[in-house]
Amino acid sequence: MGTSTTFLNERAWRYFWHPVCTVAELRAAAADGNRPLAVTLLGERLAVAEIGGRVAALKDRCIHRSTKLSVGRVEAGGLRCAYHGWLYGADGRCREIPSMPEHSIPDDCRVAAHDAAIEYDLVWVRLDSSLDTRIPGCPAFGDAAFRCVAGEPYTWPTSAARRLENFVDLAHFPFVHDGTLGDRRQPLVPIAKVDRLNRELRFRFVPSPEMQLPGVALMAPTDYRLWVPFTVNLEFFFPDGERSQLWMSASPVESGVCRSFWFTCRTADRDGPDQPHLDFQALVLSEDLPVIEAQEPPEIPAPAEEYSVRTDKVSIAYRRWLKELSKAADEDADALARCLDSVRIESDRTFDDMPPAASASAAG
Ligand code: FES
Ligand SMILES: [Fe+2]
């Protein structure tokens with residue numbers, strides 16, 4: 001493709017937790033002949049399986065003769081390679097070499113095993129554990145006030161950063177979502193005050209109250225929380241006191257490809273049908289996809305290669321932080337931790353979880 005220089009360093013995202021599949025997908029593979037699930041994260045092929053009650057993410061390449069472990073079988077004691085039957089535990093260690101049962105297996109006979117965990121009915125993986133990062137929040141999940149419905153994950157031909165940026169883009173509603181989430185006659189966009197704290201970007205969006213939109217439309221004063229790098233939650237506050245949340249995490253599959261996992265959650269009509277809410281999101285996504293897949297390049301380029309304006313405030317703040325993070329990751333994990341914990345407050349809001357004043361200075 002020959003783009004000039006890479007603006008963001010993808011290696012930085014290896015320190016973060018990303019969703020790689022749903023638990024339902026993992027269990028469906030297991031139910032279908034004890035198969036593990038093959039996934040790709042940041043270009044790395046992984047075999048995911050539940051081994052001894054714990055989820056494991058192993059490098060998808062047998063150390064013996066390099067066939068994919070994901071074509072093997074899951075057993076109680078581990079994941080067995082399809083070729084010569086070597087058995088690997090959840091920690092990646094080879095437990096058994098069937099052709100040599102009396103041979104004691106050295107400790108370095110192992111495949112790389114990455115951190116893996118289940119949260120929100122999703123499997124999360126972190127490729128590099130040398131930084132203390134956490135699985136992003138999903139405030140409505142497990143909150144009895146909300147009914148949370150999982151949408152079907154979707155794979156788009158764009159980077160996770162572009163996908164995320166589209167999700168927090170306030171100026172596209174009147175054009176891409178005219179009649180759905182916006183109104184072409186009202187293209188003005190409020191300039192949000194964007195706060196950076198607790199490893200999140202936060203801002204509030206108050207749409208024009210004059211728009212005529214469908215009843216299931218998620219359009220109301222909205223609190224955005226964006227956990228860097230690729231997870232976002234929108235909480236909508238409706239005039240009748242009801243709330244909705246829309247959560248999405250864009251998993252960076254490989255260069256120019258991401259898979260989005262998402263929930264739509266509501267306090268109103270919790271026993272009512274879910275389908276209208278899923279259908280509405282499907283409509284919104286079908287409106288977004290044509291412009292997103294037409295973005296060239298699919299990765300966010302250097303600032304000079306695109307023309308930004310004041311109403312791109314959120315996108316600019318997001319890109320700036322991603323850039324700082326990817327530069328810090330070039331130094332070391334400590335620099336990345338400092339950048340991740342940097343704080344910038346623009347709004348006059350107060351936060352329950354505001355860090356102590358001592359750390360509330362901009363860094364990086
Ligand atoms: S290639 Fe896996 S056991 Fe031989
Ligand atoms: Fe959109």
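**Exercises on domain and helix packing**

The C-alpha centres of domain 1 and domain 2 lie 33 Å apart. The model is a predicted one.

**Exercise 1.** State where the two domains run in the protein chain, and describe the side of domain 1 that touches domain 2.

*Solution.*

Step 1. Take the bounds: domain 1 covers 17-126, and domain 2 covers 147-359.

Step 2. Count the contacts between them: 10 residues of domain 1 are in contact with 10 residues of domain 2.

Step 3. Find the elements on the domain 1 side. Those giving two or more residues to it are β1 (17-22) and β2 (37-41). Strand β1 supplies the largest share, four residues.

Step 4. Sort this side of domain 1 by residue class: five residues are nonpolar, four are polar and one is charged.

**Exercise 2.** Determine whether helix α5 runs roughly parallel or roughly antiparallel to helix α6, and list the residues that make their contact.

*Solution.*

Step 1. Two packed helices are described by the angle between their axes and the distance between the axes.

Step 2. Read off both values. Helix α5 (residues 313-331) packs against helix α6 (residues 333-340) at an angle of about 155°, and their axes are 6 Å apart.

Step 3. Apply the cut-off: angles over 145 degrees count as roughly antiparallel. The angle of about 155° therefore makes α5 roughly antiparallel to α6.

Step 4. List the contact. Helix α5 contributes Glu 324, Leu 325, Ala 328, Ala 329 and Glu 331. Helix α6 contributes Ala 335, Leu 336, Arg 338, Cys 339 and Leu 340.

Step 5. Classify these residues: the contact of α5 with α6 has seven nonpolar and three charged residues, and no polar ones.

Methods. Residues are numbered from 1 along each chain as its sequence is written. Chains are lettered from A and ligands numbered from 1 in the order in which they are written. This is a predicted model: local features need pLDDT of at least 70, side-chain atom pairs count only at pLDDT 80 or more; totals for chains, interfaces and linings use all residues. Domain bounds come from an automatic or database domain assignment. Two residues are in contact if their C-beta atoms, placed from the backbone, lie within 7 Å. Ala, Val, Leu, Ile, Met, Phe, Trp, Tyr, Cys and Pro count as nonpolar, Asp, Glu, Lys and Arg as charged, and the others, Gly among them, as polar. Axes are lines fitted to C-alpha atoms, for helices over the stretch in contact, and angles run from 0 to 180 degrees between N-to-C directions. Angles under 35 degrees count as roughly parallel, over 145 as roughly antiparallel, 65 to 115 as roughly perpendicular and the rest as oblique.
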